[in-house]
Amino acid sequence: MALAIRLARGGAKKRPYYRIVVADSRMPRDGRFIEKVGTYNPMLAKDDENRVNLQEDRIKEWIGKGARPSDRVSRFLEAAGIVGAKTRNNPNKAKPGAKALERIEEKKEKEEAAKAAAAEAAAAPAEEAPAEEAPAEEAAAE
């Protein structure tokens, strides 16, 4: 039997409330559990002391018996100092998605087109300026 320390959702629609429970990993998320070892209320402010409540002695005992915390629960335990911090490395997290890459490409193309248009506009008045002077000279000659 593989034990897991994980969140079991409760509360109403759009008002979540979680119990931190020790359960058999094969049981449903909100199903049967062995023991409730804490609570998590995400509706409270991050600095509120009642946001996460843990029974540290019971959690340490279950970890000693082989229970494995889920990712979210392990973060709570790290913050409480119950378990050591894991080193996490997700280099792909900061990379933009496919749509963002498309938008970046479109933006680059627009900037290049604007630079080319600005260069043409800068070159065109220089060519037009002598053409404007020529009619003035002709009018002066008449």
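T39 makes contacts (heavy atoms within 4.5 Å) with Y17, Y18, R19, I20, R51, V52 and N53, leaving out residues up to four places away in sequence. T39 belongs to strand β3; helices (H or I, at least four residues) and strands (E, at least two) are DSSP runs, numbered from the N terminus. With 9% relative accessibility, T39 counts as buried. Buried means under 20% relative accessible area, exposed over 50%, and partly exposed in between, with a 1.4 Å probe and protein chains only.

The model is predicted: local features need pLDDT of at least 70 and side-chain atom pairs count only at pLDDT 80 or more, while totals for chains, interfaces and linings use all residues. Residues are numbered from 1 along each chain as its sequence is written, and side-chain values use heavy atoms, with hydrogens and water left out.

**Overall layout**

The chain contains three helices and five strands, and from the N terminus on these follow the order β-β-β-β-α-β-α-α. Of its 142 residues, 20% count as buried. Among contacts between residues at least 6 apart in sequence, 29% join residues at least 24 apart. The chain exposes about 10,700 Å², of which carbon and sulfur atoms supply 51%; accessible areas come from the Shrake-Rupley method with a 1.4 Å probe, and for residues only the protein chains shown count as cover.

**Helix α2 and its cover**

Helix α2 spans residues 71-80, and its buried residues are V73, S74, F76, L77 and E78. The cover over these buried residues includes β1 (3-12), β2 (15-24), β3 (35-40), β4 (52-54), α1 (56-64) and β5 (68-69). S74, in helix α2, has a relative accessible area of 2% and is therefore buried. Not counting residues up to four places away in sequence, S74 touches P69, V83, K86 and R88. R75 also lies in helix α2, but its relative accessible area of 40% makes R75 partly exposed. Just after α2, G81 takes a positive phi of about 80°.

L77 can also be placed relative to K60: the two are 17 residues apart in sequence, and their C-alpha atoms are 9.9 Å apart in space. K60 is found in helix α1 and is partly exposed at 48% relative accessibility.

**The loop between β2 and β3**

S25 sits in the loop between β2 and β3 and counts as partly exposed at 37% relative accessibility. S25 and M1 are 24 residues apart in sequence, with a C-alpha to C-alpha distance of 7.8 Å. Beyond its neighbours within four places in sequence, S25 is in contact with A2, A4 and R6.

**Salt bridges**

Side chains of opposite charge can pair when their charged atoms come close. Here a salt bridge is a side-chain nitrogen of Lys or Arg within 4 Å of a carboxyl oxygen of Asp or Glu. A search of the whole structure finds five salt bridges, among them those in the table.

| Pair | N to O distance |
|---|---|
| R58 and E35 | 2.7 Å |
| E61 and R58 | 2.8 Å |
| E61 and K65 | 3.4 Å |

Salt bridges that share partners join E35, R58, E61 and K65 into one network. The R58 and E35 salt bridge, with closest N and O atoms 2.7 Å apart, links distant parts of the chain: R58 is in helix α1 and E35 in strand β3, 23 residues apart. R58 is partly exposed, with a relative accessible area of 24%, whereas E35 counts as buried at 18% relative accessibility. E61 and R58 both lie in helix α1, three residues apart, about one turn of the helix. E61 is partly exposed at 36% relative accessibility.

**Charged surface patches**

Patches are made of residues with over 30% relative accessible area and no salt bridge; like charges are joined within 9 Å, and nonpolar side chains (Val, Leu, Ile, Met, Phe, Trp, Tyr) within 5 Å. Lys and Arg count as positive and Asp and Glu as negative, while His and the chain ends are not counted. The place of a charge is taken as NZ of Lys, CZ of Arg, CG of Asp or CD of Glu.

A positive surface patch brings together K46, R68, R72, R75, K86 and K93. A negative surface patch is made up of E102, E105, E106, E109, E111 and E112. E112 is in helix α3, residues 98-141, and counts as exposed at 56% relative accessibility.
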